[in-house]
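Look at the sequence and the model below. Keep both in view as you read.

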Amino acid sequence: MLAERMSRVSTSPTMKVAVEAEKLKRQGIDVVDFGAGEPDFPTPEPAKAAAKAAIDQNFTKYTPPAGTADLKQAICARYLADYGVSFTEAETIVTAGGKQALFNIAMVLFNPGDEVITHAPYWPTIPEQVKLTGATPVIVHTRPEDGFAIHPDAIIAAITARTKAVIINSPTNPTGAVISEQALAAIADVCGKRGIWLIADLCYEKLIYDQVPHNLVKILNDRMRDRMLLAGSASKAYSMTGWRCGWILGPKEVVAAANTLQGHSTSNVASISQKAALQALTGSQQPVTDMLNEYRTRRDQLMEWFSVDARFECVKPAGAFYLFPRITKVLESTGITSSGEFSQVLLDEARVAVTAGEGFDAPGFLRLSYATSLERLREGTTRILEFVKKRERQGAAVR
């Protein structure tokens, strides 16, 4: 009954957790939600005010499918200020979040038989979008022993005659790993020489904790301007997930093709959202700094709380807002067979929602979002640790 392409893809595991947690909450059950892939902060007040003004001024009609000229100019100005790289309006399209940016890129570039390299643990949407086009995702695994670092040699070794593109996500969802400029430069040099597209998913680019060199935009611009594509978003930086506003920056031919595709699918991003994003990009960036500082505090506190049980093997994330502990030793001590089962039983018994590593091609791990208050983080961590102790006691009684 359904199109064959639907047999290639699966439901988003992160969305599945959100749905299950919300169902319990509607029943009045106190669920600590560590599954959320979105900031818990409100959208900055100036952005909300701009949206309200847009409504009052009746800015509620269609805009060009690629977005308003002033928003595209603001995106270009933001990247010039932040990265020292110039883009034009013709090289910019506004999309319904970073997810549509990546989807548009996949749809206009990839063909059946192409190979597209990316790294794991990965955001599940990346390989699923590749599969929707009929292309084949090629997965290069990273390891917790070296902080989930993306090694250029491993990416380059995966290149074949059929490689159409490499997709790099930094900071990475779910690990928080940040690719080094040197590593990206090495990958870009090879891709540029071989005519391979390099797609950078930079949706968490504003959430990097330490002052490390991370001008990925300039690295790519200087090496392969005609084969680079950037996917960005207002969602994480400005806590605007529900507004659905992202963008693509890249060669005008690809942007024009994405505009054609978007014109026959979603058309423009909501006019009101565009005005809010315009204000977020051009106004004070202090709210971004404030959120980052709070996330850093939460990350450090969460690491400390889990340090009381060494079986939760945590790598300190360099960016984003997720902790991604390996729990294989916890599974062994509790008799639970997988991280997938662990997350389900944890929700059923302790009422804590987490995302199992299987969805990120990382069985034996959990993704815990710390986009919630310290109070809820303390409560959730306590419940997890007590759940593990309870399971151990039950196992000992059986033995």
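The paragraphs below cover cysteines, then aromatic rings, then charges over rings.

This is a predicted model, in which local features need pLDDT of at least 70, side-chain atom pairs count only at pLDDT 80 or more, and totals for chains, interfaces and linings use all residues. Residues are numbered from 1 along each chain as its sequence is written, and side-chain values use heavy atoms, with hydrogens and water left out.

Start with the cysteines. The structure has zero disulfides (a disulfide is a pair of cysteine sulfur atoms within 2.5 Å). Why is C191 too far for a bond? Its closest cysteine sulfur, in C203, is 20 Å away. C245 is in no disulfide either, as the nearest cysteine sulfur, that of C203, lies 11 Å off. C191 is buried, at 0% relative accessible area. C245 is buried too, at 0%. Buried means under 20% relative accessible area, exposed over 50%, partly exposed in between, with a 1.4 Å probe and protein chains only.

Now the rings. There are 14 aromatic pairs. Rings of Phe, Tyr and Trp (its six-membered ring) pair if their centres lie within 6.5 Å; planes under 30 degrees apart are stacked, over 60 edge-to-face, the rest tilted. F148 and F324 sit edge-to-face, 6.0 Å centre to centre, with 65° between the planes. Both F148 and F324 are buried. Y204 and F321 are 5.6 Å apart at 65°, so this pair is edge-to-face. Y204 and F321 are buried. Ring pairs also join F41, Y204, Y295, F321, Y322 and Y370 into a cluster.

Last, the charges. K275 lies over the face of F59, 4.7 Å from the ring centre. R299 lies over Y209, at 4.5 Å. Such a charge has NZ of Lys or CZ of Arg within 6 Å of the ring centre and within 35 degrees of the ring normal.
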